[in-house]
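Reader: I have a structure to go through with you. Can you put it up, and we take it piece by piece?

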Amino acid sequence: MSTIEQFRQDTRAWLEANCPPSMRTGMAEGDVVWGSQNPQFPCEDARLWFERMRDKRWFCPEWPEEYGGAGLNEQQVAVLESEMRRIKCRPPQISLGVWMLGPVLLAYGSEQQKRDLLPPIARGEVRWCQGFSEPNAGSDLASLKMAARDAGDHFVVDGSKIWTSYGDKSDWMYALVRTDFSVPKHEGISLIVLDMRSPGVKPQPIDLISGKSAFCQVFFDAVKVPKSQLIGPLNGGWNLAKYLLQHERKAMSKFGEFSLPSHVDLPGLMREYVPAPQSRSEHALHARAATCAMNEHAYNLTVQRMGEEARAGDDISGLMAIMKYVHTEQERDKFEVLIDAMAGHALGWDSEVFSEQQMTVSRSWLNSYALTISGGSSEVQLNVIAKRVLGLSDAKKGVNP
Amino acid sequence: MSLRYSDEQRLLADSARDFLAARSPVSAQRRLRDEPAAPGFDPQVWRDAVELGWSAIPFPEDFGGLDFGCQGLGPIFESMGRNLSATPLLSSVVLGGSLVHLSGNPTQQAHWLQAIITGKRRLALAVDERARHDPSRVALEAVVSGDGYRLQGDKFWVVDGLGADAYVVAARTRGQAGDTQGISLFLVPANAPGLTVSALPLIDSRNCARLQLDQVQLGGEALLGTLGNGWAALETALDRGRTCLAAELLGMAEQLFETTLEYLKTRVQFDTQIGTFQALQHRAAKLYIDLALSRSALMAALATLDQAEQDASTRARLVSLAKWKAGDTAIKVANEAVQMHGGIGVTDELDVGLYLKRVRVAQSCLGDRDFHCERYSANA
């Protein structure tokens, strides 16, 4: 038997023995475990699954052993992932440290930084958040202004970050800061990491039109950050950010495989709320719903096709560039139909008059407005497709999507 | 089910592309339009395509076919779309030939399949009776008469109907328009007394006909399949045809999109390429997205046609998804192609108009967007 086949058998046997059956089902939002200084577990099985995977070093199986990984090669990681998919294992934890910062540290961190920062991530002991966007730097991220002033052995950081998910619950942040105001905007940015408990750091949760959210604005008032916490070269942060965002896309596509079940089953809800269409407007609603369902079907087939093409070694960059736009726009289109079909039932707010399902629809609908903005707005996505995929050039110099 | 062309299909696509680019480019289609020959396609090109084996692709080896399945037709129809090539592959092979293969008795199969595969004879399918496709509404009446049947009624939009050697005519032997039960299929020779074939010239300048059947008397051997049970085979053949049209539509849309993109990069107004304008960039990006979604739907439909264990409802859903998406996308691309080309876009000199016209006909043929949207929902 080949080594890799042996590895598959061992992995399969280990997962069968160690992944509790309750960890092989779809997840609700409250079931997510975040690696953290004080991890919270929804149940005892989740803790067991977390600890077993941690001890196996399979939170980040491809990382070198000296930094806390299992040192698996690419082929072994693919086997592990496929075996986990096979029995529908939940991710034992969700960690921006593993998915986002880790790869950057491995590629650009100093030896000391790797030894200090990676092993705690690999053990799921630190919850990381991302400090990129600012109130005046959204789609145009490179115009960020949060200052890290040179003060000898440390930086002094002043400014604020916004749309930081779980900023109030995280232990550490990786952030883009401006270290030089005198050069073109892409050339004066650096990447730093900082302890969220440092004096002067103040996270403040943001309420959205859909209600409470995970987003925070984080204020920084003369926060001292040791220079040893600069990642990569001074003023070289933009390249690191681009590298990191590539991993975000990869991580999102992996997360997609474990994706939470959609709350919104449009055809099912249509059957429930407009069961036997009578009037012309009810027929028209059904026709609109059918169009949404068909577009969603075509999208799902495209996800499947992209996977097949990737495995065959085809260039899938064009398909990858459209995915975010298509999915989020389709979600919003779906809600437009649904809100019309459910009407008053979907417009309720905090009342026992409405069922949990109805409230979920209202909240998810309002939340869908954020989907077409966050992570690169639809307009930025279209710019990216036009320029990078279709090769149309930009009239305005100096703008990179 | 694979959503990616196999190596074999890629080879076929390459050879079809080279052949059509050399023998049946858009300029040839323009010539056919301006010097109309009776069949609406170039018979020599068709003979050569037959030599290449295209007419044998979907049929089993027992009948002289290549047994490649319907998947083999996808790359060819895409290439035909790209080059705007006209051949009777859809009418005679995919629709007519499929029905003889699916429903015919050994005598009928022996008589027709080899003749179709070798291109010696052509079949055409006569199903629709109104402008909009709706096969269950077949009303043309067939009654038992003597040892055979007598047919009375009209047919509309018979693809490649002029000059066909015979027609597969869907007729009602029981029930009413709208019933799927009670539809029977008949092989009607072109020279049957009482049959009148007349041209129905459409904007795409291809071969299209109307049939009038006035007390057409047929022998018992004309029945294809069993009496009143033609629906299942008819739908199977129509789904093959719809998928092939979806492939042709996608081929046309991709070609038009590339042409238009090239124009955006070269046309200069206000001292800059018009492709630098964000208003046009975003519209182009949205077309690219629709093309990508159409391709996924097409690949799924092609794959489902050859799955032996596939139920009719799943097949109907995937085929309708592909025809709906490819048709809708091709219309959007064609409309935008004209608009983005500006003044030259509405001239006959530019090929864009030829594509636009064929897109509109192919989109409407065998079920338009709305038809397939409804059919998709009905098969949920």
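**Chain folds and contacts**

Author: Start with chain B. Among its contacts between residues at least 6 apart in sequence, 76% join residues at least 24 apart. Two residues are in contact if their C-beta atoms, placed from the backbone, lie within 7 Å. This is a predicted model: local features need pLDDT of at least 70, side-chain atom pairs count only at pLDDT 80 or more, and totals for chains, interfaces and linings use all residues. Residues are numbered from 1 along each chain as its sequence is written, with chains lettered from A and ligands numbered from 1 in the order in which they are written.

Reader: What radius of gyration does chain B have, and what would a compact globule have?

Author: Chain B has 21 Å, which agrees with the value near 21 Å for a compact globule of 380 residues. The radius is taken over C-alpha atoms, and the globule rule is 2.2 Å times the number of residues to the power 0.38. The C-alpha atoms of chain B fill a box of roughly 80 × 45 × 40 Å along the principal axes.

Reader: What share of chain B is buried?

Author: Buried residues are 51% of the 380. Buried means 20 or more other C-beta atoms within 10 Å of the residue's own; exposed means 12 or fewer, partly exposed is in between, and C-beta atoms are placed from the backbone.

Reader: How many helices and strands in chain B?

Author: 11 helices and 10 strands. Those are DSSP runs numbered from the N terminus: helices are H or I, at least four residues, and strands are E, at least two.

Reader: Which domains does chain B have?

Author: Domain 1 is 7-121, domain 2 is 124-227 and domain 3 is 231-379. Such bounds come from an automatic or database domain assignment.

Reader: How do domains 1 and 3 of chain B meet? How far apart are their centres?

Author: The centres, taken over C-alpha atoms, are 21 Å apart. Domain 1 of chain B puts 22 residues into the contact, and domain 3 of chain B puts in 23. On the domain 1 side, α2 (26-34), α4 (73-83) and α5 (89-103) of chain B each give two or more residues. α4(B) gives the most, with eight residues. That side divides into 11 nonpolar, eight polar and three charged residues. Nonpolar covers Ala, Val, Leu, Ile, Met, Phe, Trp, Tyr, Cys and Pro; charged covers Asp, Glu, Lys and Arg; the others, Gly among them, are polar.

Reader: Which way do β2 and β3 of chain A pair, parallel or antiparallel?

Author: Antiparallel, over five bridges between β2 (147-151) and β3 (154-165) of chain A. Strands pair if DSSP finds at least two bridges between them. A151(A) has H154(A) as its bridge partner. β2(A) and β3(A) form a hairpin with two residues between them, and G152(A) in the turn has a positive phi of about 80°.

Reader: Last one. Which chain A helices touch chain B?

Author: α8 (280-311), α9 (317-342) and α11 (378-389) of chain A each supply at least two residues. α8(A) gives the most, with 13 residues. Overall, 29 residues of chain A are in contact with 30 of chain B.
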